Amino acid sequence: MDRKAEPDILIMTAVEAEREAVLRGLAGCPRAEVRIAGVGPASAAARTAAALARGGWRLVVSAGLGGGFTGAAGIGDLVLADVIAAADLGAETPNGFLTVDELGFGASRIAADPDWTERLARRIEAAGLPLRRGPVLTVSTAAGTAATAAERARRVPGAAAEAMEGFGVASAAADAGVPVVELRAVSNAVGPRDRAAWRIPEALAALEAAFAAAKEVFGN
């Protein structure tokens, strides 16, 4: 008797609500496994590395909700990262913020796999969903003021979205030699925290729709 093939697309979301939206979109796609990464880059890196230890993965996806930078991505938009950037990994100095790259301690950016990103973009756009592309920032503290949003956008020109897990997921994938992409659905604007303006149900619906389109890319 043939044994059922194990999933080879690993999808990491921060929380259960995101995981459920992704699973609804995938509608039983056997090639994908969706796991909880936890909130923040440290938890995301540790849990992704543990999942990758099994081997046999073709792709890792960091997925979930995020904030959109004004003028780059609006509420309900989907964002595919071209670069996954650790926006607050570095040091403050009297002359401003220095990244770990500038300090000589490592790298604060990981490129999303261009082939997988392009394939996913084509399917999402073909489904008529609003898609933006650009750097997605990973932070340990979400922006809560216009000044913080502006400073992070200055650090990473073209920044489209902000979330809290992508760089952790991408770091684990890079260590394992597995391609990585990041896909975010925008639930709020980056900047002053106006919870009344957040649209989490709408963003979860957009995330579900994106993965309904993406399952064609992942295969059967």
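## A strand at the centre of things

Let's start with strand β10, which covers residues 180-189: 9 of its 10 residues are buried, so the strand is largely enclosed by the rest of the structure. Keep in mind that this is a predicted model.

Which strands pair with β10? If you want a spot to look at, find Val61, which stands opposite Val181 in β10. Strand β4 also pairs with β10, but here the two run antiparallel and 3 bridges join them. On that side, Val79 has Arg184 of β10 as its bridge partner.

### The largest pocket

β10 turns up again in the largest pocket, where it gives the most to the lining, with 4 residues. The pocket holds about 490 Å³ of space. Of the 26 residues that line it, the closest to the centre are Leu65, Gly66, Met164, Asn188 and Trp198. Which elements supply at least two residues each to this lining? They are α1 (16-26), β3, β9 (161-163), β10 and α7 (200-218). Sorted by class, the pocket lining has 16 nonpolar, 5 polar and 5 charged residues.

### The largest cavity

Rolling a probe the size of a water molecule over the atoms shows where empty space is left. How many cavities of 30 Å³ or more does a search of the whole structure find? The search finds 1. The largest cavity has a volume of about 50 Å³. The elements that give two or more residues to its lining are β4 (78-86) and β6 (96-99). Its lining is made up of Ala85, Ala86, Ala87, Phe97, Thr99, Ser108, Arg109, Arg155 and Val156. By class, that comes to 5 nonpolar, 2 polar and 2 charged residues.

### Charges over rings

Two names from that lining, Phe97 and Arg155, show up again here: the charged end of Arg155 sits over the ring of Phe97.

| Charged residue | Ring | Distance from ring centre |
|---|---|---|
| Arg155 | Phe97 | 3.7 Å |

### Two rings together

Next, rings that pair with each other. A pair of aromatic rings is described by the distance of the centres and the angle of the planes. The count for this structure comes to 1 aromatic pair. Why is the pair of Phe211 and Phe218 called tilted? Their ring centres are 6.5 Å apart and their planes meet at 45°, so the pair is tilted; planes under 30 degrees apart would count as stacked and those over 60 as edge-to-face. Phe211 and Phe218 are both buried.

### Two helices to check out

Helix α6 spans residues 166-176, and its buried residues are Gly166, Phe167, Gly168, Val169, Ala170, Ala172 and Ala173. After α6 comes Gly177, which has a positive phi, near 70°.

Helix α5 (residues 146-155) contains Thr148. Is Thr148 buried, partly exposed or exposed? Thr148 is partly exposed, with a relative accessible area of 28%, because buried means under 20% and exposed means over 50%. From Thr148 to Gly158 is 10 residues in sequence and 15 Å in space, C-alpha to C-alpha.

Methods: Residues are numbered from 1 along each chain as its sequence is written. This is a predicted model: local features need pLDDT of at least 70, side-chain atom pairs count only at pLDDT 80 or more; totals for chains, interfaces and linings use all residues. Side-chain values use heavy atoms; hydrogens and water are left out. Rings of Phe, Tyr and Trp (its six-membered ring) pair if their centres lie within 6.5 Å; planes under 30 degrees apart count as stacked, over 60 as edge-to-face and the rest as tilted. Buried means under 20% relative accessible area, exposed over 50%, partly exposed in between (1.4 Å probe, protein chains only). A charge sits over a ring if NZ of Lys or CZ of Arg is within 6 Å of the ring centre and within 35 degrees of the ring normal. On a 1 Å grid over the protein atoms alone, a cavity is a set of points where a 1.4 Å probe fits but cannot get out, and a pocket is an open set with protein on both sides within 12 Å along at least five of seven lines; lining residues have an atom within 4 Å of a point. Grid points are joined across faces, edges and corners, and a volume is the space filled by probe spheres set on the points. Ala, Val, Leu, Ile, Met, Phe, Trp, Tyr, Cys and Pro count as nonpolar, Asp, Glu, Lys and Arg as charged, and the others, Gly among them, as polar. Two strands pair if DSSP finds at least two bridges between them.
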